[in-house]
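Trainee: I've got a structure open, and I'd like to learn how to read it. Can we go through it together?

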Amino acid sequence: GLISGAGIAVDGTLTGVYTAGLTTGTVTIQAVVRSVTDSSILQSSTTTIDLVLPATQGDASKVQSILLTANPSSVLPGFVNTADIKAIALDANGAVLSNLTFEFSVLGGSASNGAVDPSAPPSSGVATAKYYAGTNTGVVTIMARVGSVTATTTIIVSNNAANADQA
């Protein structure tokens, strides 16, 4: 790393900017106050910084299956009525995979069937999205995709939906 821009302010404080290098690990930064007459150390202080890699995109090639759910499973028609969509990507051993980008869609493609608004990619392994009911009634299929792996779930859009309290 490199410390740059060090300068003394009017109040006697010393400031600078540490720019990390390309390696991870612990960096120790030491500030030393020396005498102007004989360069002896008058005061010294150290601090440490742990340099880590940022979260990275998960490996979509490890995804073997996706668990996909909708809650509630039935809604009234109309864009104000919603269902929460959750997707979890699993590897061949059933372990949850993190930092993956999920794509959500309503199969059929018509705005009358509703729309899915995804959240940010999950770091904990659970992706969430919201389904907004369209004006059409019937069974709507929601699809989640990570890489080449897909899963579907269905939501019933009905005037007699079990969750009529959403209207």
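Predicted model: local features only at pLDDT ≥ 70, side-chain atom pairs only at ≥ 80, totals over all residues.

Trainee: Which order do the strands have in the open sheet?

Mentor: Strands of a sheet pair through backbone hydrogen bonds, either parallel or antiparallel. Here, strands are DSSP runs of E with at least two residues, numbered from the N terminus, and two of them pair if DSSP finds at least two bridges between them. The open sheet has four strands in the order β5-β7-β10-β9, with antiparallel pairing. β5 (65–71) and β9 (115–118) are at the edges with a single partner strand each, so one side of each has no neighbour in the sheet. Inside it, seven bridges join β7 to β10.

Trainee: What stands opposite Lys130?

Mentor: That's Asp84, and Lys130 also forms a salt bridge with Asp84. The term means a side-chain nitrogen of Lys or Arg within 4 Å of a carboxyl oxygen of Asp or Glu. In this pair the closest N and O atoms are 2.5 Å apart. Lys130 sits in β10 and Asp84 in β7, so the pair ties together parts 46 residues apart in sequence.

Trainee: Are Lys130 and Asp84 buried, partly exposed or exposed?

Mentor: Buried means under 20% relative accessible area, exposed over 50%, and partly exposed in between (1.4 Å probe, protein chains only). Lys130 has 27%, so it is partly exposed, and Asp84, at 38%, is partly exposed too.

Trainee: How many aromatic pairs are there?

Mentor: Two, from a search of the whole structure. Rings of Phe, Tyr and Trp (its six-membered ring) pair if their centres lie within 6.5 Å, and planes under 30 degrees apart count as stacked. Phe79 and Tyr132 have ring centres 5.1 Å apart and planes at 25°, so they are stacked. Phe102 and Phe104, with centres 6.1 Å apart and planes at 15°, are stacked as well.

Trainee: Which residues touch the most other members of the largest nonpolar core?

Mentor: In soluble globular proteins, nonpolar side chains tend to be buried together. A nonpolar core is a set of buried Ala, Val, Leu, Ile, Met, Phe, Trp, Tyr and Cys residues joined through side-chain atoms within 4.5 Å. The largest one has 27 residues, and Ile66, Ile85, Phe102, Phe104 and Tyr131 touch the most other members.

Note on methods
Residues numbered from 1 in each chain as written. Heavy atoms only, no water. Phe/Tyr/Trp six-rings, centres within 6.5 Å; stacked < 30°, edge-to-face > 60°.
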